[in-house]
Amino acid sequence: MSKKGSVNKVVLAYSGGLDTSIILKWLVEEYGCEVIAYSADLGQGEELDNIPEKAKKTGASTCHILDLKEEFARDFVFPMFRANAIYEGRYFLGTSIARPLIAKAQMDIAAQEGADSVSHGATGKGNDQVRFELAYYHFDPAIKVIAPWREWDLKSRTALEEYARKHGIPVPTSKKFPWSSDRNLLHISFEGDILENPWAEAPEEMYVLTVRPEDAPDQPEYVEIDFEKGDAVAVNGERLSPAKLLAKLNELGGKHGIGRVDLMENRYVGMKSRGVYETPGGTILEEAHRAVESITMDREVMHLRDSLVPRYAEMIYNGYWFAPERKVLQALIDESQKTVNGKARIKLYKGHCRVVGRQSDTDSLFNVDFATFEADEVYNQADAEGFIKLNALRLRIAAIQRLAKTK
């Protein structure tokens, strides 16, 4: 049923691929509205080639391409990494953390262009529809959201291809790689096709950012990363912007086959889904960040922060980046990072990265005079007896009671 007249102008999150190209034409046909295409450059490289030309040929009145790489790294990735946020112990949230920024910029364009609607290409089965739309409503509770996958009757790839041919939208004659992927400066993800068999190993030709670990250099490489207030600021002594620093770590990690993850994850909508991820730079960054934290953070502060990480990671995964609870938690995390100043030395070798050194000239809590196994004059080992007995008191009382019952 045509909905012409119900929408005046819509801003579409547009990738230039088959799906969003069909969505662009479908919006024009179904709603009879002006469509403004928009693409966010988050570091996906050549995928943005010829986007404006493709969009206008398919029916867009104009096309915006925004370079958001620095904002992405500085205001989204780095705050998340201050928390060491990893979803279900494995996933570095590369897709999840990109969606709120894409939606934020999309809403900025909608305001500039006077659009009454926004649209995305996320399916009704996935997480992205939630992430996009929660962000849209944060910025404008009255915005109209058009989610074609929840509306149209194009339920198969064959139907999409037939629609494309009917409307003169170029259809690839063959698809070399049948799985879907999403790429940005933090990672690349893969889903679908052979990956829907949880027993099947992901094919080697799928990987983009990393070499096969077995083919990585036979000699390890060491990298030093400097941190200020929990954020990485330099690699091997060279100060870099957040985006350039992440790109540099991607290069180093990719060369050594670091950052591959094969995960069966729990989607917010309720189903399990398999995803394969490459996060070379993020894997190194997290290892280095924890190393500097280990020498500069108070024990109880660290344990409190770590107890909140699963909840924080869920907020990002489920799309609640702009929610008040995430902002409150971020304030606590950022307070904990004020002393995280120092340097980590990381060893890269055949798919693995591990810390081999850490130091802080300003905030180290490590004191060799106390920790040494050699003779010292600052720690009375006899004090430990009272400490142990006080902490054992409840256990001793319970044992006394238990033994009394057996007499």
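Okay, so before anything else: when I say contact, I mean heavy atoms within 4.5 Å. With that in hand, take Gly319, which touches Arg131 and Leu134 once you leave out residues up to four places away in sequence. Gly319 sits in the loop between helix 9 (299-318) and helix 10 (324-336); helices here are DSSP runs of H or I with at least four residues, strands are E runs of at least two, and both are numbered from the N terminus.

A quick word on what we're looking at. This is a predicted model, where local features need pLDDT of at least 70 and side-chain atom pairs count only at pLDDT 80 or more, while totals for chains, interfaces and linings use all residues. Residues are numbered from 1 along each chain as its sequence is written, and side-chain values use heavy atoms, with hydrogens and water left out.

Back to Gly319. Buried or exposed? Gly319 counts as buried because its relative accessibility is 13%, and the cut-offs are under 20% relative accessible area for buried, over 50% for exposed, and partly exposed in between, with a 1.4 Å probe and protein chains only. From Gly319 to Val28 you cover 291 residues in sequence and 29 Å in space, C-alpha to C-alpha.

Now let's zoom out. The protein chain has 13 helices and 14 strands, and its C-alpha atoms fill a box of roughly 85 × 55 × 45 Å along the principal axes. Of the 407 residues in the protein chain, 48% are buried. If you take contacts with a separation of 6 or more, 73% of them join residues 24 or more positions apart.

On to the surface. The protein chain's accessible surface is about 20900 Å², with 51% of that belonging to carbon and sulfur atoms; areas are Shrake-Rupley with a 1.4 Å probe, and for residues only the protein chains shown count as cover.

There's a nonpolar patch out there too, made of Phe370, Val378 and Tyr379, with about 300 Å² of accessible area together. Patch members need over 30% relative accessible area and no salt bridge; nonpolar side chains (Val, Leu, Ile, Met, Phe, Trp, Tyr) are joined within 5 Å, like charges within 9 Å. A salt bridge, for the record, is a side-chain nitrogen of Lys or Arg within 4 Å of a carboxyl oxygen of Asp or Glu. Phe370 itself is in helix 11 (residues 368-371), and it is partly exposed, at 47% relative accessible area.

Next, strand 13, which is where you find Ala344. How buried is Ala344? Its relative accessible area is 0%, so Ala344 is buried. Skipping residues up to four places away in sequence, Ala344 touches Val223, Glu224, Ile225, Ala288, Ala291, Val292, Gly357 and Arg358. Val235 is 109 residues from Ala344 along the chain, and their C-alpha atoms are separated by 9.9 Å.

What is phi doing at Lys350? Phi is near 45°, a positive value in a residue other than glycine. Most residues other than glycine have a negative phi. Asn84 also has a positive phi, about 55°, and it is not a glycine. You'll find Asn84 in the loop between helix 3 (69-82) and helix 4 (94-113), and it counts as buried, at 2% relative accessibility.

Last stop: Ser189, in strand 7 (residues 188-191). Ser189 counts as buried, at 9% relative accessibility. Beyond neighbours within four places in sequence, its contacts are Thr95, Ser180, Ser181, Asp182, Val276 and Tyr277.
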